[in-house]
Amino acid sequence: MPLIVEDIAKRFGDHVALDGVSLQARQGEFLALLGPSGSGKTTLLRVLAGLERPDRGAVSFGGEDLLAMDARARRIGMVFQHYALFRHMSVAQNIAFGLEVRPAKARPKPSEIRKRVERLLELVQLQGLGGRYPAQLSGGQRQRVALARALAIEPRMLLLDEPFGALDARVRRDLRAWLRQIHDETGLTTIFVTHDQEEAMDLADRVAILRDGRLEQVDTPERIYEAPASAFVFGFVGEGVQLPGEVTDGVLSVAGWRSPAPAGTPPGAVTVSFRTESADMLPATADGLAARILTLSRRGGSSRVTCEIGGQTFTLQAPKSLIAPGVEVRLAPHAVIIHPK
Amino acid sequence: MTLRSLTPGGAALILAALTALGLLVVLPLAMVFHEAFRQGLGAYLTALAEPDAWAALRLTLLVAAISVPLNAVFGLAAAWTIAKFEFPGRSLLVTLIDLPFSISPVVSGLVWVLLFGAHGWLGPLMQELGVQVIFNVTGVVLATVLVTLPFVARELIPLMEQQGTDEEIAAITLGAGPWTTFFRVTLPNVKWGLLYGVLLCNARAMGEFGAVSVVSGHIRGLTNTLPLHVEILYNEYDFVGAFAVATVLAGLALVTLALKSALEWRHAGELAAVRRH
């Protein structure tokens, strides 16, 4: 594990930004930090970059104590949400900056710097734009320059802080695939902060979910989706139904529906969750959760319906048959996930 | 934005503005030149050839040459501190920087007399050290520095606050040290604003009358700046002399103004680019 984060805590006045976060990343891993705004993900990234000093905890990279080094010595490439390009420098000068500010002994020759800038422009598909200024580029192009600039210093790790947050949806999707490709080519350990669950699940090898400065779960996107560690994680990473329920004597009762609880479930008040795409919609005579259809919109082979279950409204996919507004149906989930309250 | 055709109301407003400008700015300026040349070019040149006038011009340029760089460095440092860092007492510092704007220049001169004058707090000490501040070039410089202190800082603080610290942080993550970051990132980003502030500061440094008048002692050929010299000549009913020297002052101001306009024009383009950024 080259990156080991241990028990990092950080507070700003009364606000607790990070409350004991421990995390590890493998060499070359693409890790997403996902969470709502204010969950502490950007603070964690800034701690890794050396822009923020934690109140306690330790960070090591490849066995080296990162917290003992200041930001400029860490050689960690960073990409910011608002690009932070040097506005008075051309694209080529921006990319060359990290090489040109090196002490004379470590600085490559001007011809070598030029060559490297050319290679990076090619890598980020901006050949021929080296003479432009940031103000003359689109948002997507600027972010690619920012990435090239971060890669120019041959970083040991790459940190991206909501890099696509300021871009429109289409550009985001294109850049997403492209970023993953760059990551696979360079093999850099990459930590990526986002509040967009789709982006995180799409892109990352593993996703770390933060809430109020604490880690809720660190896992592969599949595991996060299928086996969420908490009701919060379930709700954050996809559509689904979440209802309060109760387990007594191995029987789960939720919104008037009783079914055997999964083996080993301790008794007590619980939150019951299931994904809407893994539930069958049956006629009102069948066994299942009682649901009443409110509205529906037909789209291709299936319909999206909003329905009311146990006093709450949910949106889900449904087959075309048997549904019309006002109809009572039963929902039979294939598998429910139960988290204690 | 397209230009709209002029309505009668609009035309009246523009006419009123031009009239006011003509009466209040152009006419007095023209009067200066008219009075200076009243007795012909010969008298004008004779008045300018006066050694005391030359001494006043030299002193004015010297004072500007000392106080403008001082305040440029101070303003840059103060704006950088205020705009890029959060610290207790920040708003107090902003208020202190504005203080010279809000107090009368006469008071700005008087404080030096109270401090360094023969009966001032530090007067006896200065006498012992053999340093004369009041009725001396030192005093003139001190008074000018105080009066012109806010110009550069005031120009740079909003600009630097608007630019934020993103680029500096990026520079640090790329391995740049604090001085490199300042000279290669922070300073180039504010260079036009800095030049504009320096020009305003310079205009005021050369034209300052009140504060300088209190500390200078009006010693001809020694502690007289151009504005003070104009007053002395005028009080002696040497109108041609007074207005001739005034044209030099006006000329310096006009050059400064022309430079300022040229910069403003370039600055506008840069600011637009920054906003697009």
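Select chain B and chain A together: 18 residues of chain B are in contact with 20 residues of chain A, where contact means C-beta atoms, placed from the backbone, within 7 Å. This is a predicted model, in which local features need pLDDT of at least 70 and side-chain atom pairs count only at pLDDT 80 or more, while totals for chains, interfaces and linings use all residues. Residues are numbered from 1 along each chain as its sequence is written, and chains are lettered from A and ligands numbered from 1 in the order in which they are written.

Stay on the side of chain B that touches chain A. Here α9 (166-173), α10 (178-207) and α13 (239-276) of chain B each supply at least two residues; helices are DSSP runs of H or I, at least four residues, numbered from the N terminus. α9(B) gives the most, with six residues. By type, this side has nine nonpolar, six polar and three charged residues. Ala, Val, Leu, Ile, Met, Phe, Trp, Tyr, Cys and Pro count as nonpolar, Asp, Glu, Lys and Arg as charged, and the others, Gly among them, as polar.

Next, select α3 of chain A. Pick out A:Val117, A:Leu120 and A:Leu121, the buried residues of α3(A); buried means 20 or more other C-beta atoms within 10 Å of a residue's own, exposed 12 or fewer, with C-beta atoms placed from the backbone. These buried residues pack against α2 (91-100) and α4 (139-152) of chain A. On the other side of α3(A), A:Ser111, A:Glu112, A:Lys115 and A:Glu122 are exposed.

Finally, select A:Gln125, which follows α3(A) and has a positive phi, near 55°.

Terms used. Two residues are in contact if their C-beta atoms, placed from the backbone, lie within 7 Å.
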